Each structure stands twice: as C-alpha cells, then as structure tokens.
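Hi,

Here is the structure for you to look over. My notes follow below it.

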Amino acid sequence: MRGFAARVRIFDGHNDALSRLATSGRPDAAAGFLAGDGEGHLDVPRAAAAGLTGGCFAVFTCSPPGDAYEDGSYFAPVQHAPAWREALVQIGLLLRLERESEGRVRVARTAPDLDGGGLAAVLHLEGAEPIGPRLEELELLHAAGMRSLGLTWSRPNDFATGVPFGFPGSPDQGPGLTSAGKALVTACNELGVLVDVAHLNTRGFWDVHALQDGGPPMVASHAGAHALSPSPRNLTDDQLRAIGESGGLVGINFHTGFLRADGADDPDTAQDLIVAHAAHVAEVAGIGAVALGSDFDGATMPAALGDVAGLSGLLDAFRAAGFGEDELEQIARGNWRRVLEATWTA
C-alpha cells in the first residue's frame with residue numbers, strides 16, 4: 001500500500017541545523033527556519049509536511065580553517081573556551097526557536113515531551129569540547145536541556161579520540177577514553193544523558209561499553225555498517241552486535257560517503273543504499289537496533305532523497321525492500337522513542 005510511509009511519525013537522530021543557522025551570517029536565520037525559507041535540508045514547515053515529529057539537534061564546534069592534519073583526513077583539537085562560546089550561541093538559538101515558534105518547536109527534556117505536537121528537539125552536544133575536563137559545565141548544559149552527548153567529533157579532545165575521515169580505513173585508530181572521558185560517561189549515566197558513540201574510535205567505543213554494561217543502551221546517532229562502506233566512521237559487525245545486545249540503536253547516516261563502497265562524496269548515489277545499511281544492521285543486531293540519523297545540514301544527501309521532504313519516499317523504499325509496517329514504525333520513530341525513554345528514566 002504505497003503512501004503508508006507518509007503517515008508514519010518520524011524521529012531523526014542527527015541534524016546540524018543549529019550550526020547552519022549560527023554560521024549563516026543572517027540575523028533573521030531563526031525566523032526563516034520557523035517560516036520555511038527553504039534553506040539547507042531542514043526547516044519547520046518542511047519537517048511538518050514530511051511527518052518529522054522529533055530529532056536530535058546538534059551543537060557543533062567547527063575546527064578553525066587550516067587545522068587539518070597533513071593528509072586532510074583528521075582535524076586538530078578545538079580549545080575549550082571558543083567551543084563553550086560557540087555552544088552557548090547555538091543553544092541560545094534553539095531556545096529562541098522554542099520561545100518564538102508558538103509550540104511548533106519544543107525542547108524535549110523528558111520522555112513525554114517527545115509525544116506532543118510540533119517538532120520535539122533533543123538538545124545534543126556533538127563533541128564534548130564545550131565541557132572542561134573537570135566537568136563544571138555539565139550540570140548547566142543539562143539544566144539548559146541537553147539530553148544527549150557525543151564524546152567526540154572526528155578529532156581528539158580531553159575525553160576521547162574521534163576517527164579520521166580517510167577512506168578506506170578502520171575505526172580502530174587511537175587510544176581509548178581518558179580518565180576525564182570515563183568520568184564524563186559516568187556522570188552522564190547518573191544524569192540520564194544519552195552517550196553517543198558516533199565519531200568515536202574503537203577503543204573508546206569499548207570503554208563506553210564497559211562503563212555502560214548492564215546500564216543505558218548504547219547509541220550511535222548517525223553511522224553505518226563498515227561491512228558495506230569501509231569508512232572509519234562506520235561500525236564493525238562486532239560493534240553492531242554489542243549495540244543490539246545493549247538494547248541500543250544505530251541511526252543510519254544518509255551521507256553518501258558513508259553509504260557507498262567506494263566512499264565517494266557524490267549526490268548521484270542511490271537512496272536504496274540507506275536501506276541496505278539498515279538491512280545489514282537489522283541482520284547483525286536486530287530490527288530494534290535500526291533507526292534514522294540523517295545528518296541533515298551536515299552532509300551530502302543522495303539526490304533522490306534531497307532533503308527532509310524526501311523522508312516519505314525513503315520509507316516507501318524501505319517498504320519496497322520488504323520491511324513490514326511494524327518494522328517501519330520501529331525504524332522511523334519507535335526505537336528512538338524507546339531508547340531515549342530508557343536512558344532518561346534509568
């Protein structure tokens with residue numbers, strides 16, 4: 001029954017709309033996002049029309065230009081002070097969107113907040129650089145609404161080491177969590193903040209696994225299957241199994257370079273590769289481990305998908321590949337809803 005997918009409520013595990021708005025140079029960028037200016041991959045009217053009812057909104061600190069390592073695949077560390085300043089700007093943007101949207105955008109701080117009308121925005125930190133090694137900022141970020149934290153982007157910091165972007169490559173590059181990193185994971189577990197292992201290297205991944213054993217579900221908010229695309233950003237089958245066994249999930253990343261076997265950053269990429277990565281995760285880790293993590297406004301989308309308006313067609317592609325209606329409900333929203341509630345109420 002074509003059209004079923006259009007009625008499915010969708011939760012997306014990762015977008016970079018806040019950093020896009022913050023770096024746009026436009027004083028009316030937030031108003032445009034609410035009104036539907038058609039910029040980027042995502043705005044409120046397009047999200048509503050596509051059935052997107054929630055998502056993780058990333059606060060991301062850019063690396064300064066020219067700070068890549070010699071091969072251009074890795075980025076140098078970002079200092080805490082500028083990262084904190086950038087984070088405050090982006091958090092302020094999200095709170096402004098909530099205040100000015102008349103209920104169309106809501107910062108989700110508890111599980112019931114995910115179920116109301118409008119767009120439920122989970123405040124997410126992509127890379128822990130805005131937090132100092134003594135974790136003094138963590139409580140303030142939590143009070144502002146942060147409920148999800150990625151330890152790294154693709155660079156080292158005081159807590160962990162992210163993977164580089166060189167293709168092909170293994171995620172097993174660099175050391176594990178620092179002592180501050182282990183303390184940060186423990187503190188997040190105590191606060192009920194989701195710990196995201198996207199961008200984290202293999203040793204860091206297994207350190208998080210050990211710290212959360214028997215505790216919160218493991219989550220990679222926007223990643224794919226290394227077996228299908230050997231990018232360091234993607235997860236090995238052993239990692240996928242560990243996530244599935246924890247009751248966690250992988251938000252399938254739509255970025256073409258993490259979907260393709262050749263790693264090409266090419267919009268002429270079939271969106272069926274998103275479905276193929278989801279099918280692999282389902283086979284290795286179970287259907288409960290499959291979700292969406294688009295990377296809207298932060299990556300190259302397959303042209304057939306385009307932007308948030310393409311989500312309905314993507315879910316139709318899942319159905320055409322043999323995913324049933326109950327499975328679509330889990331992939332589109334149910335698995336994220338379950339994992340967030342389990343983490344926030346643990």
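**Notes on the predicted model**

S154 sits in the loop that links β5 (146–150) to α6 (179–191). Helices (H or I, at least four residues) and strands (E, at least two) are DSSP runs, numbered from the N terminus. S154 is buried, at a relative accessible area of 0%. Buried means under 20%, exposed over 50%, and partly exposed in between, with a 1.4 Å probe and protein chains only. I243 is 89 residues from S154 along the chain, and their C-alpha atoms are 20 Å apart.

A word on the basis. This is a predicted model, in which local features need pLDDT of at least 70 and side-chain atom pairs count only at pLDDT 80 or more, while totals for chains, interfaces and linings use all residues. Residues are numbered from 1 along each chain as its sequence is written, and side-chain values use heavy atoms, with hydrogens and water left out.

**Whole chain**

The protein chain has 12 helices and 9 strands. Its radius of gyration is 18 Å, close to the 20 Å that the globule rule gives for 346 residues, so the chain is as compact as a globular protein of that length. The radius is taken over C-alpha atoms, and the rule is 2.2 Å times the number of residues to the power 0.38. The C-alpha trace spans about 55 × 45 × 40 Å along its principal axes. Of the 346 residues, 58% are buried. Among contacts (heavy atoms within 4.5 Å) with a separation of 6 or more, 73% join residues 24 or more positions apart.

**α8 and α10**

The axes of α8 (residues 237–245) and α10 (residues 272–285) come within 8 Å and cross at roughly 65°. Axes are lines fitted to C-alpha atoms, for helices over the stretch in contact, and angles run from 0 to 180 degrees between N-to-C directions. That makes α8 roughly perpendicular to α10. Angles under 35 degrees count as roughly parallel, over 145 as roughly antiparallel, 65 to 115 as roughly perpendicular, and the rest as oblique. On the α8 side, D237, L240, R241 and G244 meet H280, V281, V284 and A285 of α10.

**α11 and α12**

Helix α11 (residues 311–320) and helix α12 (residues 325–344) have axes that come within 10 Å and cross at roughly 140°. The two are therefore oblique to each other. L315, F318 and R319 of α11 make the contact with E325, L328, I331 and A332 of α12.

Best wishes
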